[in-house]
Amino acid sequence: MRVIPIDVYDKDGNFSKIEVQGADGEHVVDIVWDPADEQTSENRILFRKFAYRVLEQKGYEVNK
């Protein structure tokens with residue numbers, strides 16, 4: 001199943017989660033940012049890589 005990850009930010013501009021939808025727009029899963037992690041560009045990149053790897057391990061095809 002092909003999925004589309006969507007970055008979600010809070011009102012202060014902090015990364016809060018990646019919302020994952022199917023190609024049909026149906027909600028699949030949310031991958032939530034750990035609030036203890038510092039909001040840096042490097043951490044955001046690492047979080048996305050982690051999230052995409054987990055999705056692929058679960059059999060999803062990630063539309064990056």
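**A friendly note on this structure**

1. Strand β1 (residues 2-9) and β4 pair in the parallel sense, over two bridges. Two strands count as paired if DSSP finds at least two bridges between them.

2. Before going on, please note that this is a predicted model, where local features need pLDDT of at least 70, side-chain atom pairs count only at pLDDT 80 or more, and totals for chains, interfaces and linings use all residues. Residues are numbered from 1 along each chain as its sequence is written, and side-chain values use heavy atoms, with hydrogens and water left out.

3. Which elements does the chain hold? There are one helix and four strands, and along the sequence they follow the pattern β-β-β-α-β. Both kinds are DSSP runs numbered from the N terminus: helices are H or I with at least four residues, strands are E with at least two.

4. The four strands form an open sheet in the order β3-β2-β1-β4, with mixed pairing. The edge strands, each pairing on one side only, are β3 (27-32) and β4 (61-62).

5. Now look at helix α1 (residues 41-57), which lies across β1, β2 (15-22), β3 and β4 and runs at about 30 degrees to β2. Here the axes are lines fitted to C-alpha atoms, for helices over the stretch in contact, and angles run from 0 to 180 degrees between N-to-C directions.

6. R48 is found in helix α1. What does the side chain of R48 make a polar contact with? Its partner is the side chain of D7, at 2.9 Å. A polar contact is a pair of N or O atoms within 3.5 Å; within protein, one must be able to donate a hydrogen and the other to accept it, and residues adjacent in sequence count only if both atoms are side-chain atoms. Leaving aside neighbours within four places in sequence, R48 is in contact (heavy atoms within 4.5 Å) with D7, Y9, F15 and I18.

7. The largest nonpolar core has 11 residues, among them V3, W33 and V62. Such a core is a set of buried Ala, Val, Leu, Ile, Met, Phe, Trp, Tyr and Cys residues joined through side-chain atoms within 4.5 Å. Buried means under 20% relative accessible area, with a 1.4 Å probe and protein chains only. Helix α1 gives the most to this core, with four residues.

8. Finally, buried residues make up 23% of the 64 residues in the chain. The C-alpha trace spans about 30 × 25 × 15 Å along its principal axes.

Methods
Buried means under 20% relative accessible area, exposed over 50%, partly exposed in between (1.4 Å probe, protein chains only).
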